[in-house]
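Open the model in your viewer and keep the selection tool at hand. We will go from the whole chain to single residues, one stop at a time.

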Amino acid sequence: MQAIHQPLHRQKQAEQRSSQTPGPNRGRKPDFRAMLQNKEMQSALGSGLLMLIAWGTAPYFGTLSIMLYIVAYAVGGWTKAKEGIETLVKDRDLDVNLLMIAASLGAAAIGYWNEGAMLIFIFALSGALESYATERSHKDISSLLALKPETALRIEEGQMNLVAIDDLQSGDLLLVKPGELIPADGVVYRGNSFINQSSITGESLPVDKVAGDEVYAGTVNGEGAIYVEVTKSAEGSLFGKIIKMVEEAQAEVPDSQRFMERFEGIYARIVVGVTLLVIAGTPLLLGWTWNEAFYKAMVFLVVASPCALVSSIMPVMLSAMSSSARRGILFKGGAHMENMARTRVVAFDKTGTLTMGTPQVTDIITSEHVDRVQLLGAIAAIENLSMHPLARAIVDQANKENITLQEAEHVQALTGWGIEGTVNDVVWSIGKTDVMESMQSEEMKDSNVDPDEHGANHVKASSEWGVVRSRLEGEGKTVSVVMADGELVGLIAMRDTVRPQAVAAVKKLEAMGVQVAMLTGDRARSASVIARETGVSMIYADLLPGDKVKQVQALRKQYGPVLMVGDGVNDAPALAAATVGMGMGLSGSGTALEVADAVLMNDNIEEIAWVIGQARRAQRTVKQNMFFAITVILALIAGNFLQDVALPLGVIGHEGSTILVILNGLRLLR
């Protein structure tokens with residue numbers, strides 16, 4: 001005896017690219033109105049305007065011109081001077097702000113008022129542009145915060161009050177309506193429903209919950225209203241975690257920037273030392289006049305200052321983070337954007353990441369005397385009154401096959417098992433297969449399983465039901481039993497749905513030279529099916545959370561930096577172990593979001609290839625900026641001592657290069 005299993009409706013590969021709503025303001029160009037509203041920009045432009053007026057009045061009103069220059073110095077340089085003095089006093093260190101102020105005052109001391117004012121103006125302008133990049137990045141990141149409701153219906157003295165989840169305490173009683181997020185961890189006090197908790201446990205299908213069962217914050221209630229007794233306060237709410245992430249994104253800097261900040265202090269001391277040496281030493285050693293030595297020293301102080309070098313990194317990273325935020329990818333800091341550029345392997349969790357967590361009918365097995373269309377039509381008519389995901393999958397299948405749904409009567413949910421109803425005077429019921437163990441039926445004479453002309457599988461021997469069920473479940477499918485008037489007449493198998501973007505996402509990553517792996521706790525056979533449909537080449541199945549960590553570490557050792565993408569609590573250790581951990585924002589658990597270095601707020605995994613490309617583009621831009629900045633500094637220093645570079649030319653060359661590297665970085669805003 002050999003059972004023949006032929007799936008009727010295989011999951012198709014993604015037919016089209018996802019039409020998900022793009023991130024806010026995607027492709028937005030620089031907002032010049034917002035730029036002009038920046039206070040630093042207003043000060044810089046005010047300084048420039050005063051400089052021009054002072055320059056125009058100099059031939060006629062010398063004293064007034066100097067007074068205007070002094071005001072221009074104050075307007076444009078006050079903020080930078082304050083920052084430089086604070087660094088000197090608090091950190092006992094020199095920075096580029098103090099060097100620029102010293103250079104501008106030195107220029108004024110030898111009569112070059114206009115050059116000093118120009119230095120202040122351009123330096124303030126470059127600082128304003130960098131401030132604009134920072135402000136723009138923070139604004140784009142913060143625009144992603146209003147994602148989910150953060151309130152709960154609390155029962156107080158018989159009345160329902162809408163409260164913020166931050167006000168919830170252990171012991172509070174909440175009403176959770178159908179389709180709403182469960183606002184806090186707790187226990188079902190009264191009622192029953194199915195809960196989509198894939199973001200917490202990794203389970204691809206909803207779980208029935210009755211009184212006494214535990215539920216988790218961030219999971220989604222099904223079609224039944226339930227009362228939940230809170231067991232934990234909501235301090236770790238999703239909203240709070242995202243706020244924390246934004247604060248971290250604003251505070252954290254990449255490793256290259258940390259190095260640059262340390263280098264800036266050392267380099268500034270060297271510049272000051274050389275400047276003093278030129279002023280004091282060249283008149284004695286080279287016979288220069290004091291005025292000539294002081295002039296050369298001021299030019300050197302201007303051209304040797306590392307403004308462009310210091311500005312080579314953060315404007316680029318902030319712009320890249322900002323553009324990523326507009327596409328729905330939130331980074332906790334520039335360091336993770338920097339690490340993203342080095343990604344060699346992307347490791348995906350399966351459930352809720354490569355798949356949707358939405359079931360789809362794959363197989364319908366019927367007994368010999370039951371017509372497949374009749375069975376599907378009757379069950380779909382009953383399930384049409386339910387909002388359970390398995391029920392919707394059956395109704396969707398009937399709609400795909402253009403089966404007209406008849407009227408179902410006496411429909412009722414069978415708590416903890418399934419649902420039943422009457423169609424054409426036949427009582428149909430569908431539910432969990434555990435009922436098969438309790439059924440005592442005689443073996444039918446013919447035990448063959450033969451497909452009819454419509455592709456339906458007929459089971460002739462009752463002993464075969466268990467074999468077919470085991471085979472279907474072995475393929476990672478959820479199996480429901482169908483009964484008509486108490487007799488077992490069929491099995492319906494369903495499986496999770498692959499994300500529409502999964503195939504395109506894998507292809508794009510592989511086209512970039514990035515390896516793609518799947519890390520899942522599911523069985524190898526089920527994982528292989530999903531891997532085959534999505535095109536993933538490396539499959540690691542039957543993994544516990546600890547096993548995922550070991551596998552991530554092995555991938556890092558073999559291939560290099562690893563980006564881990566996951567959505568559940570069970571993925572959190574692997575997210576932490578990866579070079580960069582990326583959580584799923586819409587379906588992801590709070591723990592995954594907290595551990596992750598970046599969050600895919602719209603769950604569109606096709607954007608992962610784009611963000612890796614953007615990170616690489618940022619890395620190339622940083623290298624371009626640093627090469628350009630160093631070249632300009634060396635050329636101007638050499639020109640100062642070998643060709644007598646004029647102070648105005650030094651100011652324009654140095655500060656111009658600073659503005660150019662900042663503008664080059666701002667290109668990544670697009």
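Accessible areas come from the Shrake-Rupley method with a 1.4 Å probe. By that method, this predicted model has an accessible surface of about 29,500 Å², with 56% of it belonging to carbon and sulfur atoms.

**The whole chain**

Show the cartoon first: the chain has 24 helices and 24 strands. Of its 670 residues, 55% count as buried. Now think about contacts between residues at least 6 apart in sequence: 70% of them join residues at least 24 apart.

**Helix 2**

Select residues 39–57, which make up helix 2.

Met67 belongs to helix 3, residues 62–90.

Now find the open sheet with the strand order 2-1-3-9-4-7 and antiparallel pairing. Which strands stand at the edges? They are strand 2 (159–164) and strand 7 (214–215); each has a single partner strand, so one side of each is left without a neighbour in the sheet. Further in, strand 1 (residues 151–156) runs antiparallel to strand 3 (residues 173–176), and three bridges join them. Click Leu153 to find its bridge partner in strand 3, Leu175.

**Salt bridges**

The whole structure holds eight salt bridges. Begin with Asp172 and Arg154, whose side chains meet at 3.1 Å, N to O. Asp172 is in the loop between strand 2 and strand 3, while Arg154 is in strand 1, 18 residues away. Both Asp172 and Arg154 are buried.

Move on to Glu607 and Arg327, a salt bridge of 3.0 Å, N to O. Glu607 lies in helix 23 (residues 607–642) and Arg327 in the loop between helix 11 (314–326) and strand 10 (329–331), so this pair ties together parts that are 280 residues apart in sequence. Is Arg327 buried or exposed? Arg327 counts as buried, at 18% relative accessibility, because buried means under 20%. Glu607 is buried too, with a relative accessible area of 5%.

Asp363 lies in strand 12 (residues 355–367) and Lys477 in the loop between helix 17 (463–474) and strand 18, so parts 114 residues apart in sequence are tied together.

**A hairpin and its neighbour**

Select strand 14 (residues 418–423) and strand 15 (residues 426–432), which run antiparallel and are joined by six bridges. Val423 stands opposite Val426 in strand 15. In the two residues between the strands you will find Asn424, with a positive phi near 55 degrees. Strand 15 also pairs with strand 18 (residues 478–484), in the antiparallel sense, over five bridges. There, Ser429 has Met483 as its bridge partner.

**Last stop: Ser386**

Zoom in on Ser386, in the loop between helix 14 (372–383) and helix 15 (389–400). Ser386 counts as buried, at 5% relative accessibility. Among the residues it touches are Glu223 and Ile419.

Definitions and conventions: Residues numbered from 1 in each chain as written. Predicted model: local features only at pLDDT ≥ 70, side-chain atom pairs only at ≥ 80, totals over all residues. Heavy atoms only, no water. Helix = DSSP H or I, 4+ residues; strand = E, 2+ residues; numbered from the N terminus. Expected span 1.5 Å × (residues − 1). Pairing = 2+ DSSP bridges. Buried < 20%, exposed > 50% of the residue type's maximum accessible area, 1.4 Å probe, protein only. Contact = heavy atoms within 4.5 Å. Salt bridge = Lys/Arg side-chain N within 4 Å of Asp/Glu carboxyl O. Lists of a residue's contacts leave out its neighbours within four places in sequence.
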